[in-house]
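Have a look at the sequence and the fold before reading on.

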Amino acid sequence: TTPLATAATLLYCQLAGCAIFNLQELQVKINLCKSMTLEAARAELGSILKSSMTQGLRLVVLLGSAPPNLRRLCDASQVPMDVFDFEKISEVAQSLGTTCKRGFQLLLLTEMSKGKAEKSLPQLVPAIDEMAVMVVDKASLPESHILEAARARLERPSLRSSLKLLAAAANVKPAEDVAPEMEVEEAEINSQDFQYEESFGSDWEERWASGPAELDENGKEIKRGLINAKLVKYPSNPKDAKNCLQLMGGAANAPCTGIWTSFRPLIRPTEVEFEFTVNGKVDMPNASVVFTERPFEGALPDCKVGLQFTVRGGMQLCGGGGNLVRISNDGKIQNDKWNKVLLKIDWADKVVVAQVDTRGKGYAPAIQTVPFRDASCVGFGALFIYNTDTQATCWFSSLRIKQSEADMVLTDTDALAARRDLADRLKQREYQMAVDADMEVGMKMGAIKSTTCHGMNLAMEQAANNTSGQALG
């Protein structure tokens with residue numbers, strides 16, 4: 001039920017000579033990196049399953065904290081569903097064209113609370129009612145340094161070495177009986193580092209779907225063909241031309257009408273980077289890139305929007321309360337010129353730091369943080385790309401999404417504040433220089449320029465003359 005319990009159990013299985021199959025890693029490749037097909041994962045599982053049966057080994061399948069639906073992995077010729085029912089193992093072996101040697105067992109290792117496991121596993125694991133279930137109590141585990149030492153000197157798998165681990169002193173004394181606490185419903189969040197790289201090749205439709213929104217702001221169905229996505233080489237200038245995805249058209253004030261993809265379990269990316277260009281009305285949001293916790297079902301705010309990028313008179317992020325924050329700080333977007341955007345995400349404070357490159361000279365320094373649009377967003381489960389101008393077209397040549405545990409918290413906030421202060425001072429300096437220039441022009445016209453004989457400007461001289469005339473009168 002804890003990372004320590006998972007580590008201890010896995011170490012024991014390794015010392016006992018079990019075969020280990022990390023299905024959690026394959027799930028990341030399938031659903032997050034999108035670099036492996038379900039068929040390929042099924043083939044890998046089927047291969048080690050058949051090998052373990054033939055050799056009479058215990059096979060430990062690591063499910064992680066967000067187990068996939070194992071029914072989807074089942075296949076009569078590679079991973080029969082009856083393999084999860086021990087009483088039918090002989091029949092399964094026969095259907096796979098092998099024999100099941102004595103000693104074979106199938107073990108599923110998952111890192112979940114007891115309550116969550118009781119609720120979700122029956123929906124994910126076939127024949128779980130026929131299985132023996134064991135919950136590892138943290139009070140029975142050795143201290144973490146003992147586990148680290150045992151892992152460092154990983155002995156030859158044997159019954160003796162596994163029993164030595166079991167004989168290690170427990171970490172803490174068993175807790176006294178206390179009233180059970182109410183379990184809080186927790187979202188399934190990926191804890192594995194990964195990187196998803198999308199170059200929009202010929203197989204892009206295997207990872208992306210159109211829509212999902214099909215209605216405009218008035219609830220009418222969007223005409224078929226009004227919005228379409230296809231692969232092109234753009235722009236026409238050979239020097240800048242790239243293979244990319246072209247998304248043409250949109251619906252006014254209607255989000256999520258272009259293309260989208262999903263992530264399960266929820267991800268907490270620390271970096272999002274993409275390259276794009278766009279043509280369209282400057283007063284309407286286009287080339288929008290939106291990450292949400294929930295899938296779109298009619299209203300964007302209901303999706304729990306975390307990160308929302310859009311182009312509306314320049315590149316902007318939509319922060320808390322829907323406020324648009326301009327992030328273009330190295331020049332204007334030019335037609336047919338590629339722009340790069342790098343978004344770094346701090347999940348501790350739920351803020352985004354944006355950097356842009358519109359000139360191909362590298363990213364301009366970041367000067368501010370932008371809060372999530374919805375601070376209650378705990379992870380990203382969907383990504384949408386769309387326009388809202390019916391005449392707009394945007395092009396995306398690449399997209400990269402990275403999650404790294406080491407980068408969950410941004411540590412260079414002091415530098416951001418310093419750069420923001422410097423930018424503010426430069427703006428003030430430019431403003432003051434403009435004012436001084438205007439004043440100089442006025443002085444040359446004689447409006448406020450001091451005279452050489454008495455040091456008064458024109459207004460002061462007139463006022464002095466009027467006073468003198470009144471005194472003489």
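Predicted model: local features only at pLDDT ≥ 70, side-chain atom pairs only at ≥ 80, totals over all residues.

Helices here are DSSP runs of H or I with at least four residues, strands are runs of E with at least two, and both are numbered from the N terminus. With that settled, on to the model.

The protein averages a pLDDT of 85, and 79% of its residues score at least 70.

Helix H3 runs over residues 38–55, which makes 18 residues. From first C-alpha to last it reaches 26 Å, close to the 26 Å expected at 1.5 Å a residue.

Which residues of H3 are buried? They are Ala41, Arg42, Leu45, Gly46, Leu49, Ser52 and Met53. Looking down the axis of H3, these buried residues fall within an arc of 135 degrees, so they line one face of the helix. As for what covers the buried residues of H3, the list includes strand S1 (19–22), helix H2 (23–32), strand S2 (58–64) and helix H4 (89–95).

## Val356, tucked away in a strand

Val356 belongs to strand S15 (residues 351–357). Is it buried or exposed? Val356 is buried, with a relative accessible area of 0%.

What does Val356 touch, neighbours within four places in sequence aside? Its contacts are Met315, Ile327, Ser328, Asn329, Asp330, Lys340, Val341, Gly362, Tyr363 and Ala364. One of these, Val341, is 15 residues away from Val356 along the chain, yet their C-alpha atoms are separated by 4.6 Å.

Two cis peptide bonds deserve a look. One runs from Gly211 to Pro212, with omega near 10 degrees, and Pro212 lies in the loop between strand S5 (209–210) and strand S6 (228–234). Another joins Arg264 and Pro265, with omega about 0 degrees; here the proline, Pro265, lies within strand S8 (residues 259–267).

Positive phi turns up in non-glycine residues too. Ala127 has a phi of about 55 degrees and lies in the loop between helix H5 (114–124) and helix H6 (144–152). Ala127 is partly exposed, at 29% relative accessible area. Lys304, with phi near 60 degrees, is found in the loop between strand S10 (286–292) and strand S11 (305–311). At 19% relative accessibility Lys304 counts as buried, because the cut-off is under 20%.

## Cysteines without bridges

How many disulfides does the model have? The count comes to zero. Take Cys303: the closest cysteine sulfur to its own is that of Cys256, 5.8 Å away and so too far for a bond, given that a disulfide needs the two sulfurs within 2.5 Å. Cys303 is buried, at 1% relative accessible area. Cys318 also counts as buried, at 8% relative accessibility.

Note on methods:
Residues numbered from 1 in each chain as written. Heavy atoms only, no water. pLDDT = per-residue confidence, 0-100. Buried < 20%, exposed > 50% of the residue type's maximum accessible area, 1.4 Å probe, protein only. Contact = heavy atoms within 4.5 Å. Expected span 1.5 Å × (residues − 1). Arc of directions from axis to C-beta.
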